[in-house]
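Me: I'd like to learn how to read salt bridges in a protein model. Could you walk me through some?

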Amino acid sequence: MKTQAVLELSDVNRLLDAGQQEAEANGWAVTIAVADAGGHLLGLRRLDGAAPFSAGIATEKARNAAIGRKETQAFEDMINNGRTAFVSAPMQALLAGGVPVIVEGEVVASVGISGVKPDQDVQVAKAAVAALS
């Protein structure tokens, strides 16, 4: 039987804190969501000035990165490169800004960011994930 690493509360807080530090260092008002490997929300932080709807989008980006087992940028690229049928997939927020947390080759969690430009969302998400390595 296989065993898998899981995040503890301290790990979730470290992801949220690192994401917040990156966003604030750049003056970005974002929402940071952390999900487990099944896409279930573990933590959410909406920074001052972040639009209320960014909470739902960040959550869905985290969910999709976890259950899709890849960065959500891949889904956005598929759609933008002509695979438009993918927009009918039963997933929401197939947009850049969701990044999986990978431990020993396995997705154990994910981070989703919403609130700024796509590449900036990704930058914040990757900074958060880097805090665990």
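Reply: Happy to! In this predicted model, Glu-71 and Lys-126 form a salt bridge, with their closest N and O atoms 3.5 Å apart. The two sit 55 residues apart in the chain: Glu-71 in the loop between α2 and α3, Lys-126 in helix α4.

Me: Why does 3.5 Å count as a salt bridge?

Reply: The idea is to look for a side-chain nitrogen of Lys or Arg within 4 Å of a carboxyl oxygen of Asp or Glu. Glu-71 and Lys-126, at 3.5 Å, therefore qualify.

Me: Which residue forms a salt bridge with Asp-121?

Reply: That is Lys-61, with 2.9 Å between the closest N and O atoms. This pair also links distant parts of the chain, as Asp-121 belongs to helix α4 (residues 118-130) and Lys-61 to helix α2 (residues 53-68), 60 residues apart. Asp-121 and Lys-61 are both buried.

Me: How many salt bridges are found in the whole structure?

Reply: The search finds six. One of them joins the side chains of Asp-17 and Arg-45, at 2.8 Å from N to O. Here a helix is linked to a strand: Asp-17 is in α1 (residues 9-25) and Arg-45 is in β2 (residues 41-46), 28 residues apart. Asp-17 is partly exposed, at 34% relative accessibility.

Methods:
Residues are numbered from 1 along each chain as its sequence is written. This is a predicted model: local features need pLDDT of at least 70, side-chain atom pairs count only at pLDDT 80 or more; totals for chains, interfaces and linings use all residues. Side-chain values use heavy atoms; hydrogens and water are left out. Helices (H or I, at least four residues) and strands (E, at least two) are DSSP runs, numbered from the N terminus. Buried means under 20% relative accessible area, exposed over 50%, partly exposed in between (1.4 Å probe, protein chains only).
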